[in-house]
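Q: I am new to this structure. Please show me how to read it.

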Amino acid sequence: MRQRRLNEEEQALWAAFAQGIAPLRTARQAKPVALPPDPPAIPPNAPAKPGMSRAAIMQQLTSGGVHAVHGTASHSLTVQKGKGGAFEIGVRRPGLDDTSWRGLVSGKLRPARRLDLHGQVAQTAFHRLHGFLIQAHADNVRCVEIITGLGSGHNGGILRRELPFWLGRGDLGRLILAVVHPHAANQGAVRVLLRRSARGNGF
């Protein structure tokens with residue numbers, strides 16, 4: 001189809017019409033949303049939190065510096081070894097009189113106080129034992145019984161294994177004259193013969 005050319009009058013009308021046309025507004029560009037900065041990257045050689053690492057604890061265990069009592073995922077608990085090592089159970093120590101030793105071994109010397117640690121977490125058990133013996137000695141108690149339970153495993157539970165080391169610490173070992181099991185069939189408890197306090201007489 002052949003297009004018709006506009007005459008002069010039509011061209012003038014179109015020009016007048018075109019002058020009143022305004023261009024459409026473009027959509028306002030959305031401002032970019034500011035994103036929070038990325039968290040700082042942790043360098044691979046960042047220092048560890050304060051406290052002994054597992055490797056450091058194992059190194060000291062190997063060297064004999066500490067004796068482990070309990071460990072958890074968040075905290076490793078250790079008790080310093082006493083210089084005297086483990087306290088020997090069922091062994092008569094020098095200076096103990098015959099009457100006291102026979103009474104302790106035979107069971108005739110009955111415990112005046114008893115501490116049951118069965119089922120306790122090791123660290124809690126140690127602190128309870130420590131306070132119990134210190135108080136018993138201060139009260140001039142002669143004989144006490146400590147129950148750890150047999151525990152599981154070939155060598156018994158952790159409390160039973162650790163007890164001789166706890167009793168051998170310098171601050172506790174100096175209070176003790178002898179330690180025996182109540183009888184051969186009861187390895188989950190011990191009876192402890194304490195020294196007399198300063199205000200008492202004899203051993």
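Q: Which strands does helix H4 lie across?
A: First, some ground rules. This is a predicted model, in which local features need pLDDT of at least 70 and side-chain atom pairs count only at pLDDT 80 or more, while totals for chains, interfaces and linings use all residues. Residues are numbered from 1 along each chain as its sequence is written, and side-chain values use heavy atoms, with hydrogens and water left out. Helices (H or I, at least four residues) and strands (E, at least two) are DSSP runs, numbered from the N terminus. Helix H4 (residues 122-138) lies across S3, S4, S5 and S6, and runs at about 175° to S3. Such angles run from 0 to 180 degrees between N-to-C directions, with axes fitted to C-alpha atoms, for helices over the stretch in contact (heavy atoms within 4.5 Å).

Q: In what order do the four strands form the open sheet?
A: Strands of a sheet pair through backbone hydrogen bonds, either parallel or antiparallel. Two strands count as paired if DSSP finds at least two bridges between them. Here the order is S3-S4-S6-S5, with mixed pairing. Strands S3 (113-116) and S5 (176-180) are at the edges with a single partner strand each, so one side of each has no neighbour in the sheet.

Q: How do S4 and S6 pair?
A: Strand S4 (residues 143-147) and strand S6 (residues 189-194) are antiparallel, over five bridges. Val 144 is opposite Val 192 in S6.

Q: Which strands does helix H3 touch?
A: Helix H3 (residues 98-106) packs on the sheet and touches S4, S5 and S6. The direction of H3 makes about 30° with that of S5.
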